[in-house]
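This report goes through a protein model step by step, beginning with the contact between its chains and then turning to the sheets. Please keep the structure in view while reading.

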2 protein chains.
Amino acid sequence: MLTLELPPGTALSENELATALQVSRTPVRESLILLAEEGLVQVFPQIGSFVSRVDPAQVADAQFLREAVELAALEDLPGELDAGVVARLRANLDEQAVADLDREAFFALDEAFHQGVLELSGHGRTWSTVLSAKGHLDRARRLGLSGTETQAQRIAEHGEVLSAVLDGDVERARAAMRVHLRAVFDDVERIQQRSPELFAGPSTAGPVRRNVVIWA
Amino acid sequence: MLTLELPPGTALSENELATALQVSRTPVRESLILLAEEGLVQVFPQIGSFVSRVDPAQVADAQFLREAVELAALEDLPGELDAGVVARLRANLDEQAVADLDREAFFALDEAFHQGVLELSGHGRTWSTVLSAKGHLDRARRLGLSGTETQAQRIAEHGEVLSAVLDGDVERARAAMRVHLRAVFDDVERIQQRSPELFAGPSTAGPVRRNVVIWA
DNA sequence: CTTCCAGTACTGCCATACAAGCAGGTGTCG
DNA sequence: CGACACCTGCTTGTATGGCAGTACTGGAAG
């Protein structure tokens with residue numbers, strides 16, 4: 001597995017990437033297709049490929065989808081929770097409490113926490129779908145270094161969610177989750193105000209034309 | 001645009017498809033990658049590619065996601081509805097009422113209706129995400145020729161949803177939508193009982209390995 | 001100095017050729 | 001007759017060459 005991290009707006013050349021990664025253009029191209037499908041890369045035929053700027057509209061879409069799914073999942077919580085998953089969630093919260101957690105580590109824990117909550121209600125597999133739509137949102141979150149104080153706030157919110165879940169209080173859990181997700185969304189908006197150059201203007205998303213489609 | 005319809009379980013050969021479609025392997029391969037991403041095709045390196053059988057688990061996932069999104073959207077209905085979209089929805093219902101509607105035509109109208117409802121609440125763009133996750137569910141629906149009587153039933157449910165939406169009664173709209181989506185899901189289960197060979201056993205989904213990943 | 005035009009160099013796209021690996025049939029040996 | 005080993009044919013994965021189209025740059029004309 002090879003990873004490359006590039007700032008939004010960067011021009012990507014299949015040739016450059018191929019030589020840089022020491023592979024041919026074919027696998028590079030196939031990766032770009034997948035990234036374009038997720039909306040992380042924009043491909044303009046005969047012009048070039050670019051790391052797409054964060055699209056506020058897509059961020060809002062992802063936020064809506066995520067909120068809908070995670071709140072709906074909480075309604076499907078079973079009477080008896082899976083002990084293993086619960087233990088993992090507790091351990092996750094403990095790790096989050098560690099003082100000096102770098103952004104990436106916190107991000108990973110955050111992801112695992114939300115996925116775990118989904119698993120509790122038996123909808124863990126849906127997480128991958130949410131993920132693929134969440135690209136823009138996550139990039140926005142990653143870009144802004146949320147200060148330690150807001151990080152502590154998010155951790156507290158996680159705790160509140162889990163607490164309500166363990167109490168079996170669905171309504172409280174939903175309310176807490178809603179508050180939490182909205183707060184994350186507000187973080188993103190703050191980032192946008194501070195670093196507008198990373199975000200795109202209105203409606204830059206171009207449709208992706210595909211010539212050959214095989215339909216099963 | 002080229003479409004091909006193949007029954008689940010069919011072995012796909014990139015070469016065969018290429019010759020059949022009169023193109024080279026490259027575009028075929030790129031399409032297969034996208035289909036694999038949606039879970040409609042399974043690719044086993046050095047073995048072959050196959051039209052994946054309908055996975056009941058993924059159908060359930062799609063149902064959950066769809067229900068979550070569409071119900072959540074109804075909560076975001078604005079006070080004043082977009083007149084153009086409303087007109088389109090009315091026209092759509094009228095078309096659905098046509099007596100002898102073949103399955104494919106009804107399917108298209110059904111899709112457009114649900115997308116329209118999402119647009120009313122300003123979340124029309126989310127539909128594409130739902131779509132990409134809905135592949136298994138749609139295939140299942142397509143496979144079974146839902147009799148005209150159930151089709152009439154679905155149309156009536158659509159009418160009820162739109163009626164409640166126009167009345168501004170969010171709760172009634174949500175209830176109607178929930179009933180409708182559950183009914184569709186039940187249709188699928190009936191199909192599975194009648195044609196189990198089109199469905200997969202438990203957990204046939206294989207992970208997709210990707211060698212080169214560029215991360216924006 | 002400005003403007004227009006043509007040439008060049010780049011892009012992504014498609015077709016083709018090669019490499020690696022698995023499955024199954026077949027021949028041979030015990 | 002049975003079991004094992006090889007070998008052929010197929011698969012997907014990767015590399016490469018050539019094609020069509022766009023953007024940029026340099027020079028010439030007004």
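Between them, chain A and chain B bury about 4,500 Å², and 65% of this lies on carbon and sulfur atoms; buried area here is the accessible area (1.4 Å probe) that two parts lose on being put together, summed over both. The model is a predicted one, in which local features need pLDDT of at least 70 and side-chain atom pairs count only at pLDDT 80 or more, while totals for chains, interfaces and linings use all residues. Residues are numbered from 1 along each chain as its sequence is written, chains are lettered from A and ligands numbered from 1 in the order in which they are written, and side-chain values use heavy atoms, with hydrogens and water left out.

## The interface

The contact, meaning heavy atoms within 4.5 Å, takes 46 residues from chain A and 47 residues from chain B. Across this interface the rule finds 6 salt bridges, a salt bridge being a side-chain nitrogen of Lys or Arg within 4 Å of a carboxyl oxygen of Asp or Glu. Two of the side-chain pairs that meet in salt bridges are set out here.

| Residue pair | Distance, N to O |
|---|---|
| B:D61 and A:R125 | 3.0 Å |
| A:R29 and B:E30 | 2.7 Å |

The pair of A:R29 and B:E30 crosses between chains, from helix 2 of chain A to helix 2 of chain B; helices (H or I, at least four residues) and strands (E, at least two) are DSSP runs, numbered from the N terminus. Over all chains, a search of the whole structure finds 45 salt bridges.

In chain A, 3 strands form an open sheet in the order 1-3-2, with antiparallel pairing; two strands pair if DSSP finds at least two bridges between them. Strand 1 (11-12) and strand 2 (41-44) of chain A stand at the edges, each with a single partner strand, so one side of each has no neighbour in the sheet. Strand 1 of chain A pairs with strand 3 (residues 48-51) of chain A over 2 bridges, and A:L12 has A:S49 in strand 3 of chain A as its bridge partner.

Helix 2 of chain A lies across strand 1, strand 2 and strand 3 of chain A, and runs at about 110° to strand 2 of chain A; axes are lines fitted to C-alpha atoms, for helices over the stretch in contact, and angles run from 0 to 180 degrees between N-to-C directions.

## The sheet of chain B

In chain B, 3 strands form an open sheet in the order 1-3-2, and the pairing is antiparallel. Strand 2 of chain B is joined to strand 3 (residues 48-51) of chain B by 4 bridges, with B:V41 opposite B:V51 and B:Q42 opposite B:F50. These two strands form a hairpin with 3 residues between them, and B:Q46 in the turn has a positive phi of about 65°.
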